[in-house]
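Take a moment with the sequence and the 3D view.

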Amino acid sequence: MATSSAIMTHQTLAAWPHTPVSTAWALAPQLTRTSGAVLVVDCGDRVLGGNPAGVAQFGAMLGAIEGDRLAFRDAACAEALAAARQRLRLDGLGEVIIRFEADGGGPIFALLSGFGPSHALVLPPPARAEALANALTSSFGLTPAETRLALKLQAGLTLAEAGRDLDISINTVRNQLRAIFDKLGLRRQSELVRTLAQLAALAGG
């Protein structure tokens, strides 16, 4: 398996975006223009443009943008993107669905669209956190702290990452997670992720 070191090239953040967001939307097919989470990338995984939602979703789900390059947490995700890009080129397709396996939390599906040297990477849209938070509080009685943790996990963070973001210890994270399980009637984190996705959809997220 190839390592991800080749894509972790450090350049100044000011080096991108080189392409306006309007070009990103032009690369994406009509049905995905409302997704709100798009990055335009070239064949070397350099970010040419996009929008804040695309940056945020890539960071929450798959890795980070280091300098002006995509840096995946898992090298297998970089390989999946490369394979999708090759399919676009060799098969003459306008778009392909990519299945990313990220952080052991199940698959993340994204769309790669466009012809030529640049492509639009369309990621699942961010849930409307406020609507989901309200649903968790009103329907299940989660405390504000439990809701904040649930939203972090719904965004794709691990327990350790959520703890760092919330500035709480891993023991506190686990205690809050147990309380969330009890209130939602769940037993596993994988069940929680699926439940939060369903609740986000019901809440308009």
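**Rings and a buried aspartate**

F72 and F100 are both buried (under 20% relative accessible area with a 1.4 Å probe, protein chains only; over 50% is exposed, in between is partly exposed). This is a predicted model: local features need pLDDT of at least 70, side-chain atom pairs count only at pLDDT 80 or more, and totals for chains, interfaces and linings use all residues. Residues are numbered from 1 along each chain as its sequence is written, and side-chain values use heavy atoms, without hydrogens and water.

How many aromatic pairs are there? The count is two. Rings of Phe, Tyr and Trp (its six-membered ring) pair if their centres lie within 6.5 Å; planes under 30 degrees apart are stacked, over 60 edge-to-face, the rest tilted. F58 and F72 pair edge-to-face, 5.1 Å centre to centre, with 70° between the planes. F58 sits in helix α2 (residues 52-61) and F72 in strand β4 (residues 69-72), so this pair ties together parts 14 residues apart in sequence. Helices (H or I, at least four residues) and strands (E, at least two) are DSSP runs, numbered from the N terminus. F58 is buried at 0% relative accessible area. F72 has 1%.

F72 also pairs with F100. That pair is tilted: 5.8 Å centre to centre, 35° between the planes. It links F72 in strand β4 with F100 in strand β5 (residues 95-101), 28 residues apart.

Now turn to D42. D42 lies in strand β1 (residues 38-42). It is buried, at 14% relative accessible area. Beyond its neighbours within four places in sequence, D42 contacts L48, R85, P117 and S118 (heavy atoms within 4.5 Å). A polar side-chain atom of D42 lies 2.8 Å from the backbone nitrogen of R46.

How values were computed. Polar contact = N/O pair within 3.5 Å; in protein donor to acceptor, adjacent residues only side chain to side chain.
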